[in-house]
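Student: Could you show me how to read a structure like this one, feature by feature? I would like the general idea each time, and then the case at hand.
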Amino acid sequence: MQMIQTLKFVKKEIPAWTAGSVDTPAGPVFRVSSDWSRADYWGMIKSRVSAFRMNYSVEPGLYAVGDPTRDSDVFVTANYKLTFDVVRRSLTGMSAWILVLDTKSINVWCAAGKGTFGTDEVVKRITLARLSEVVSRRRIILPQLGAVGVCADRVQKDTGFRVSFGPVEARDIPAYVGAGYKKTKEMSSIKFSMLDRMVLTPMEINPVMKKYPWFAGGVLLLFGLAPTGILFKQAWQFGMLFLALGLAAVLAGAFATPVLLPFIPFRSFAIKGWITGLLATFLTLQAMGGAPGQSVFLLVAAYLLFPALSSYIALQFTGATTYTGMSGVNKELKIGIPIYIITTAISLVLVILFKIREWGLL
Amino acid sequence: MKYLANVTTLQFFSEKCTGCGRCVEVCPHGVFEMRDKRAMVTDRDRCMECGACAKNCEFNAIAVSTGVGCAAAIINSLIYGGEPSCDCSGTASSCCG
C-alpha cells in the first residue's frame with residue numbers, strides 16, 4: 001500500500017520543499033527541508049487573506065526530517081500546508097519523523113473540532129505508514145490542540161502507540177524535547193496576542209465587504225427615491241454619510257474590536273462591538289458635519305443602526321478566537337438577535353419618516 | 001482574556017478521578033490543576049467547552065457539552081437547521097479553515 005502510494009506521488013510533481021528521500025523498512029519516505037522558500041511565504045500570505053487556504057495542502061503520510069532512525073520521535077500534524085510548514089521549520093536541526101494526517105487541508109484545532117484530526121484518522125495513518133516497522137518506540141507526539149479530536153486511550157488500544165500531547169505551538173517542540181518531553185504551563189496554554197488577532201482580521205473584513213455593495217445600493221436607492229423618480233444628486237448627498245457610517249461600522253466590528261479586544265470593557269463580544277461601533281459612529285458624524293439637513297430622525301437612526309451593526313460583526317469574531325465557548329455565544333445571540341432586528345427595524349422606520357417629511361407629506 | 005462568567009457546561013466528578021493528569025495535559029486554558037494526586041478545577045470561567053478533557057478522560061470523570069463557539073455557525077444552524085459546525089466555507093463566513 002505504502003509502495004503504491006509512494007509511486008503515485010513520485011509520478012506527480014515532487015514538491016519543492018522536499019530534500020531527497022530516506023529509506024525505511026516500510027519503503028522510501030520523502031525528506032523535508034526545514035527552510036521556507038519564497039513560494040512558502042507567498043502561500044502563507046495568500047492563505048491569510050483569501051479562500052486560497054481551502055486547497056492549500058500536502059499529501060498525507062510519513063515524512064522524514066534530518067536523518068531519523070528507529071529511535072527518533074514521531075510528530076503528528078495536519079495536512080494544511082501552512083501548519084505543515086510551521087512544523088518542519090520548528091524541527092530545524094533535529095532528526096525526526098512527521099506523520100501527516102488527512103485533515104482536508106485544515107489546521108489542527110479546527111480539524112480536531114470537526115473530527116478529521118481524529119482518533120480514527122490517527123489509527124489509519126499509523127497503519128498505512130506501517131509505523132510499527134519504521135520506529136521501535138511505541139510513542140507518538142501529537143499537538144496538544146489535537147486532543148479535541150483524538151482519544152489517546154483508544155489510539156493506544158488500537159495500535160499500541162502511546163500518545164503524548166506535546167506543546168500547543170510547534171515552535172516550542174525543541175524546548176519540550178529538551179526538557180525531557182515535559183511541558184511548562186506556558187507551552188500548554190493557548191495565547192491570543194494582538195498580532196495573532198491582527199492576522200485574523202482580513203478574513204473578518206473580506207466576507208463583510210462582499211455584502212457591502214448591497215448595503216450601498218439599498219442606501220443610495222432609499223435616499224435617492226423621490227416622488228418624481230430617483231434623484232442621483234440627492235442619493236449621493238444624503239447617502240454618502242450613511243455609506244461612510246457603514247464602512248466605519250465594518251472597521252469597528254471586524255478590525256478595531258478584534259485588535260483591541262482585551263482593552264475594550266465587558267466580556268461580551270456584542271457589547272464590545274457596540275462600544276467601538278458607537279465611537280466610530282460618533283467620530284464619523286463629527287468628521288462629516290452631522291446628519292444631512294441636521295435631521296433628528298437620521299441622527300437617531302444612525303446611532304441605532306451602526307453600533308448594532310458593529311456589534312453583530314464583532315460577534316462573528318467568536319468563531320476565530322481561542323477562548324469563546326458555545327454556551328457563551330448562544331447566550332449572546334439569544335439576547336442579541338432580537339435587539340439587532342428591533343434596532344434595524346426602528347432605524348428603517350426613522351429613515352422612511354425622514355423621507356416622508358422631505359417629500360412634504362408630514 | 002475570559003469569556004462570559006457562569007455559562008460553561010463543564011462538570012467534574014472528583015470521586016472518579018484517578019490522578020492520571022491527562023486533563024492537565026490537554027486543557028489549553030489551564031482549567032485543571034493537580035493537587036494531592038488528583039485533578040481539580042481551578043477556574044471554570046476559563047473553560048471554552050472544547051471537550052479535549054472529557055474525550056481523553058478514561059475514567060469518565062469529566063463531562064462537558066461541546067460545540068463550536070462561533071456565532072456564524074450557530075446562526076447558520078438556526079436558519080438552515082442542523083448542528084452548528086465549522087462547515088461555513090460556502091457562505092463566506094468568518095470561520096476557521
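This is a predicted model: local features need pLDDT of at least 70, side-chain atom pairs count only at pLDDT 80 or more; totals for chains, interfaces and linings use all residues.

Student: What is the angle at which α12(A) and α13(A) pack, and how far apart are their axes?

Tutor: Two packed helices are described by the angle between their axes and by the distance between those axes. Here helix α12 (residues 269–287) of chain A and helix α13 (residues 296–316) of chain A pack at an angle of about 135°, and their axes are 7 Å apart. Angles over 145 degrees would count as roughly antiparallel and those from 65 to 115 as roughly perpendicular, and therefore this pair is called oblique. The crossing in which α12(A) passes α13(A) is right-handed. On the side of α12(A) the contact includes Phe269(A), Trp274(A) and Leu285(A), while α13(A) contributes, among others, Tyr303(A), Phe306(A) and Ile313(A). Sorted by class, the residues of this contact are 15 nonpolar, six polar and one charged.

Student: How is α11(A) oriented towards α13(A)?

Tutor: The axes of helix α11 (residues 232–260) of chain A and α13(A) cross at roughly 30° and come within 8 Å. Because angles under 35 degrees count as roughly parallel, α11(A) is described as roughly parallel to α13(A). Here too the crossing is right-handed, with α11(A) passing α13(A). Among the residues that make this contact are Leu245(A), Val250(A) and Thr257(A) of α11(A), together with Ala302(A), Phe306(A) and Leu309(A) of α13(A). The contact of α11(A) with α13(A) has eleven nonpolar and four polar residues, and no charged ones.

Student: Which residues of helix α3 of chain A are buried, and what covers them?

Tutor: Burial is judged by counting neighbours, and a residue is buried if 20 or more other C-beta atoms lie within 10 Å of its own. In helix α3 (residues 81–90) of chain A, the buried residues are Lys81(A), Thr83(A), Phe84(A), Asp85(A), Val87(A) and Arg88(A). The elements that cover them include the strands β2 (27–32), β3 (61–65), β4 (74–77) and β5 (96–100) of chain A, as well as α2 and α4 (108–114) of that chain.

Student: Where does Lys46(A) sit, and how many C-beta neighbours does it have inside 10 Å?

Tutor: Lys46(A) lies in helix α2 (residues 38–49) of chain A. Because it has 14 C-beta neighbours inside 10 Å, Lys46(A) counts as partly exposed.

Student: How are the domains of chain A placed?

Tutor: The domain assignment of chain A gives domain 1 (2–178) and domain 2 (194–358). The centres of these two domains, taken over C-alpha atoms, are separated by 43 Å.

Student: What is the order of helices and strands in chain B, and where does chain B touch chain A?

Tutor: Chain B has three helices and four strands, and along the sequence they follow the pattern β-α-β-β-α-β-α. Of its 97 residues, 48% count as buried. The contact between the chains takes 39 residues from chain B and 44 residues from chain A. On the side of chain B, the elements that give two or more residues are α1 (22–26), α2 (52–56) and α3 (71–80) of chain B, and the largest share, five residues, comes from α3(B). By class, that side of chain B has 21 nonpolar, twelve polar and six charged residues.

Key
Residues are numbered from 1 along each chain as its sequence is written. Chains are lettered from A and ligands numbered from 1 in the order in which they are written. Two residues are in contact if their C-beta atoms, placed from the backbone, lie within 7 Å. Ala, Val, Leu, Ile, Met, Phe, Trp, Tyr, Cys and Pro count as nonpolar, Asp, Glu, Lys and Arg as charged, and the others, Gly among them, as polar. Axes are lines fitted to C-alpha atoms, for helices over the stretch in contact, and angles run from 0 to 180 degrees between N-to-C directions. A crossing is left-handed if the near helix is turned anticlockwise from the far one by less than a right angle, and right-handed if clockwise. Domain bounds come from an automatic or database domain assignment. A residue is buried if 20 or more other C-beta atoms lie within 10 Å of its own, exposed if 12 or fewer, and partly exposed in between; C-beta atoms are placed from the backbone.
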